[in-house]
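Keep the structure open as you read.

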Amino acid sequence: NLAEYIVAMAVGAAAPVRNSWASYDIEGPNREKIEVKSSAYVQAWHQEKPSVIRFGIRKTLEWLPETNSFGSEKKRHSEVYVFCLLAEQQKERINPLDLSQWEFYILPTSLIDHVFGDKETISLNQVRQHSTKLAVDEIKTAVRQGVS
């Protein structure tokens with residue numbers, strides 16, 4: 001996932017790609033557990049209008065490779081969520097490699113748990129109520145603040 005790679009590079013993660021067995025997407029340089037969610041207004045298929053932006057935040061069971069089984073508690077396993085929006089709405093101008101076309105938002109998982117409880121999705125407006133838009137070079141500091 002490109003958004004995961006962008007966030008991994010922004011925070012200085014040791015591994016630029018996720019461990020597919022991990023219960024979160026990225027481990028930051030200070031062992032921060034980071035979940036990355038991405039969305040875009042424009043999709044590859046034909047659209048009559050831009051997509052409504054929603055992000056998945058559902059609780060999951062943790063995979064335990066040592067026992068080849070799932071844990072018993074459904075929860076959000078990260079310490080912080082990074083919501084990534086490819087915000088360009090003109091299909092002919094979309095360039096996912098142009099980082100100026102992206103918006104990033106950081107929410108601590110503790111806030112998501114407290115405010116949204118067992119909800120499985122969150123709207124862009126809900127994200128914006130609890131976070132400010134960040135550029136890619138602001139992600140590392142915001143993640144550090146979101147974890148502490």
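Start with two strands. S1 covers residues 26–27 and S2 covers residues 33–40; they pair in the antiparallel sense, over two bridges. This is a predicted model. Find Glu-27, then look across to S2: its bridge partner there is Lys-33.

Arg-31 is not a glycine, yet its phi is positive, at about 70°. Is Arg-31 buried or exposed? Arg-31 counts as exposed because its relative accessibility is 60%, and the cut-off for exposed is over 50%.

## A parallel partner

S2 also pairs with strand S6, which spans residues 80–86. Here the sense is parallel, and seven bridges join the two strands.

Keep one general rule in mind when you view strands. In a regular strand, side chains alternate between the two faces of the sheet.

## A nonpolar patch

Now turn to the surface. Which residues form a nonpolar patch there? They are Leu-2, Tyr-5, Met-9 and Leu-97. Together they have about 400 Å² of accessible area.

Leu-97 belongs to the loop between S6 and strand S7 (102–108). Leu-97 counts as exposed because its relative accessibility is 68%.

Conventions:
Residues are numbered from 1 along each chain as its sequence is written. This is a predicted model: local features need pLDDT of at least 70, side-chain atom pairs count only at pLDDT 80 or more; totals for chains, interfaces and linings use all residues. Side-chain values use heavy atoms; hydrogens and water are left out. Two strands pair if DSSP finds at least two bridges between them. Helices (H or I, at least four residues) and strands (E, at least two) are DSSP runs, numbered from the N terminus. Patches are made of residues with over 30% relative accessible area and no salt bridge: like charges are joined within 9 Å, nonpolar side chains (Val, Leu, Ile, Met, Phe, Trp, Tyr) within 5 Å. Accessible areas come from the Shrake-Rupley method with a 1.4 Å probe; for residues, only the protein chains shown count as cover. A salt bridge is a side-chain nitrogen of Lys or Arg within 4 Å of a carboxyl oxygen of Asp or Glu. Buried means under 20% relative accessible area, exposed over 50%, partly exposed in between (1.4 Å probe, protein chains only).
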